[in-house]
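Here is a friendly briefing to read alongside the model. Please keep the viewer open as you go through the points.

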Amino acid sequence: MEELEIVRLEGLVTEAISVLANNFKVNRKDLGLLEKPSVIIELNENYYYHPWLNKIKLGIKDFDQTSIGEEVGHWFHYKLNKSLNDSSRGYSKIRVVELVGAYSRLVYASEVLRKNAVPDVKESIKTLGYNDEPTQHGYKVAIQLFSKFGDFYLSKIARMSLEEADKFLDSFGYWKSC
């Protein structure tokens, strides 16, 4: 892979951090205190944030720039919410973590790409191909929240404990709608 491509992708991650910092209500001073993730480029279609290694992995096969927004959203979520730092992967945790990631992807797409790209991003989220139920629930609710409230609840949900997020989202009826 060419060095220029790697630098471009690392630059996109830096840009996404800068853009989404506002949506996560992180000021410049506090942003400077967060350990930046390292970026790993792979020759496949996988992308994910690994919280215990603080690495964002980006697959360049069938690359979708909005995936950077999702993975940076995961990075913010884990950095701002220490209650996520245990290694459990229960149903509630997966759906809240994936909700924040997909919500971040939509916000990033609307701010960096173009407003009329959001319907395409919503459709791509629906067809990402993850078969597990909690991930699908998180994605579906992220689309509903973004469609109705824009970025308003992103920062709030990202800072809630899993129990608080479940109660909050249940009070709107979102978890029941899945």
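**Buried charges and the fold around them**

Arg105 is buried, with a relative accessible area of 0% (buried means under 20% relative accessible area, exposed over 50% and partly exposed in between, with a 1.4 Å probe and protein chains only). Its salt-bridge partner is Glu70, the closest N and O atoms being 3.1 Å apart (a salt bridge is a side-chain nitrogen of Lys or Arg within 4 Å of a carboxyl oxygen of Asp or Glu). This is a predicted model, in which local features need pLDDT of at least 70 and side-chain atom pairs count only at pLDDT 80 or more, while totals for chains, interfaces and linings use all residues. Residues are numbered from 1 along each chain as its sequence is written, and side-chain values use heavy atoms, leaving out hydrogens and water.

**Overall architecture**

- The chain has eight helices and three strands (DSSP runs numbered from the N terminus: helices are H or I with at least four residues, strands are E with at least two).
- Along the sequence, the pattern reads α-α-β-β-β-α-α-α-α-α-α.
- Of the 178 residues, 49% count as buried.
- Among contacts between residues at least 6 apart in sequence, 65% join residues at least 24 apart (a contact means heavy atoms within 4.5 Å).

**Salt bridges**

- The whole structure holds three salt bridges.
- Glu70, in the pair with Arg105, is buried too, at 2% relative accessible area.
- Arg105 lies in helix α4 (residues 91-113) and Glu70 in helix α3 (residues 66-80), so this pair ties together parts that are 35 residues apart in sequence.
- Arg95 bridges to Asp166, with the closest N and O atoms 3.3 Å apart.
- That pair links distant parts of the chain, with Arg95 in helix α4 and Asp166 in helix α8 (residues 162-171), 71 residues apart; both residues are buried.
- Glu42 and Lys57 meet through their side chains at 3.7 Å, N to O.
- Because Glu42 lies in strand β1 (residues 38-42) and Lys57 in strand β3, their bridge ties together parts that are 15 residues apart in sequence; Glu42 and Lys57 are buried as well.

**Helix α6**

- Just after α6, Gly150 takes a positive phi of about 60°.

**Aromatic cluster**

- There are seven aromatic pairs (rings of Phe, Tyr and Trp, the last by its six-membered ring, pair if their centres lie within 6.5 Å; planes under 30 degrees apart count as stacked, over 60 as edge-to-face and the rest as tilted).
- One of them is Phe149 with Tyr153, edge-to-face at 4.9 Å centre to centre and 90° between the planes.
- Phe149 is partly exposed at 27% relative accessible area, whereas Tyr153 is buried at 13%.
- Phe149, Phe152, Tyr153 and Phe168 are linked by ring pairs into a cluster.

**Positive phi in loops**

- Lys25, not a glycine, has a positive phi of about 60°; this residue lies in the loop between α1 (3-23) and α2 (28-33) and is exposed at 54% relative accessibility.
- Asn54 also is not a glycine and has a positive phi of about 55°; Asn54 sits in the loop between β2 (47-50) and β3 (55-59) and is buried at 5%.
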